[in-house]
Amino acid sequence: WPGTESGMLSYPAWNSLSSEKLKTGVSTQFDDDPDGDAWAPLESDAPLYNHYWFWSKQNETKRRSVEELVKMYYRSVGYGGTMLLNCSPDSTGVIVEGDKAVYKAFGDEISRRFSKPLRFLKDQRTLSLKLTFDQPTTLNHVVFGEDYREGHRIRAYELIGIKNGVRSVIVKGSSVGRKKIDAFTTATFDGIELKITSAVGTPMIRYFDVYNVSGFVFQPEPNETPDWNDCGQWNTSSFKNGRDTLTLLLNDFIRKPGQFELKMLSDVSVTGTSIDSAVLLIDGTPASKYLARDGWDKFYISRTDQIGPSSSTSVILYMRSDNQVFQNRGRFIIRARN
């Protein structure tokens, strides 16, 4: 269970964990472990009516759209887990026509997108594989999976687009398992390569399919673009009395003047973790006017002065966890803003 009823997992999504954790009966995505000895697929559950599990005329007005369900699919099945979508009968024991229409349209849309790959490879034992095209080919999706009977062998990978001999990274990822759906901005390539940059043992790729989904507009999540960098981790298991202070050293990421975006991600979707306040330090001195907060999970950092070899930038974060039932963990990511 990912910790919410949103129908969506956090990424990375490891479908393995220790047998000891699994046997407790209350393990969540917090307990996932790529080195775990038990395979227990992550289950993303959600009601068709947003926030309502049971039918009523009023709840029908909360029915999710096909677009919402497709997003849910990408972030559950597309992260290697399972998607459990509620189906609730009305007071006469039947599924209402409006619900049936959405279920049908949802299934048709998934089939439209993924039933016919343009090109594919199967059953490859390798750290790198490449598809080359007879002529420039337009793509916006790659779907691939590993032989998960051997667990999560792939730990990190890159998808590289090749055009006129120039190679560019279009996706960076980590967990794969049964299935990983990678979407990206529609572009034309002469070839595409999967490069596995970290693995345990030899990866076994069961399938590698490429698609061009018509009408698709890429709307990336923060972890789905290569311009973000991990800059720190947090884990509520280390919090004392529900609080913790975390210092992020950002020298490796802020090397020249500009504006930078710092974002908090939860690797598990359970609620209750937040940032009470933050302090920006430039060369060890508080510089509050150069730090702006945007919502509960995002900050903007401005560096207007020149940055020399001895310059430093850091952020002190005062964090809180109000959830005493389920633990949570996550990371911070940073990128330069254009």
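Helices (H or I, at least four residues) and strands (E, at least two) here are DSSP runs, numbered from the N terminus. Keep in mind that this is a predicted model, where local features need pLDDT of at least 70 and side-chain atom pairs count only at pLDDT 80 or more, while totals for chains, interfaces and linings use all residues. Residues are numbered from 1 along each chain as its sequence is written, and side-chain values use heavy atoms, with hydrogens and water left out.

Let's start with Thr28, which sits in the loop between helix H1 (19–22) and strand S2. Buried or exposed? Thr28 is buried, at 8% relative accessibility; buried means under 20% relative accessible area, exposed over 50%, and partly exposed in between (1.4 Å probe, protein chains only). Setting aside neighbours within four places in sequence, Thr28 is in contact (heavy atoms within 4.5 Å) with Trp1, Val268 and Phe326.

Now for the nonpolar interior. In soluble globular proteins, nonpolar side chains tend to be buried together. A nonpolar core here is a set of buried Ala, Val, Leu, Ile, Met, Phe, Trp, Tyr and Cys residues joined through side-chain atoms within 4.5 Å. The largest one has 25 residues, and Tyr157, Ile192, Leu194 and Phe208 have the most contacts inside it. Strands S6 (128–146), S7 (154–163), S8 (166–173), S9 (180–199) and S10 (204–211) each give at least two residues to this core, with S6 supplying the largest share, six residues. Apart from this core lies another, of 24 residues, including Val66, Leu69, Val96 and Phe106.

Next, the rings. Rings of Phe, Tyr and Trp (its six-membered ring) pair if their centres lie within 6.5 Å; planes under 30 degrees apart count as stacked, over 60 as edge-to-face and the rest as tilted. That rule gives eight aromatic pairs. One of them is the stacked pair Trp39 and Tyr148, 5.4 Å centre to centre with 25° between the planes. Trp39 is in strand S2 (residues 38–39) and Tyr148 in the loop between S6 and S7, 109 residues apart. Another is Phe114 with Tyr211: their ring centres are 5.5 Å apart and their planes at 85°, so the pair is edge-to-face. Because Phe114 lies in helix H4 (residues 97–114) and Tyr211 in strand S10, this pair ties together parts that are 97 residues apart in sequence.

Finally, the charges. With a salt bridge taken as a side-chain nitrogen of Lys or Arg within 4 Å of a carboxyl oxygen of Asp or Glu, the count is 23. Asp276 turns up in a salt bridge with Arg243, the closest N and O atoms being 3.0 Å apart, and in one with Arg320 (3.1 Å, N to O). Asp276 belongs to strand S14 and Arg320 to strand S18 (residues 313–321), 44 residues apart. Asp276 is partly exposed at 35% relative accessible area, and Arg320 is partly exposed at 24%. Then there's Asp297 with Lys263, whose closest N and O atoms are 2.8 Å apart. Here Asp297 is buried, with a relative accessible area of 13%, and Lys263 is buried at 13% relative accessibility. Salt bridges also link Lys57, Glu60, Arg63 and Asp99 in a network.
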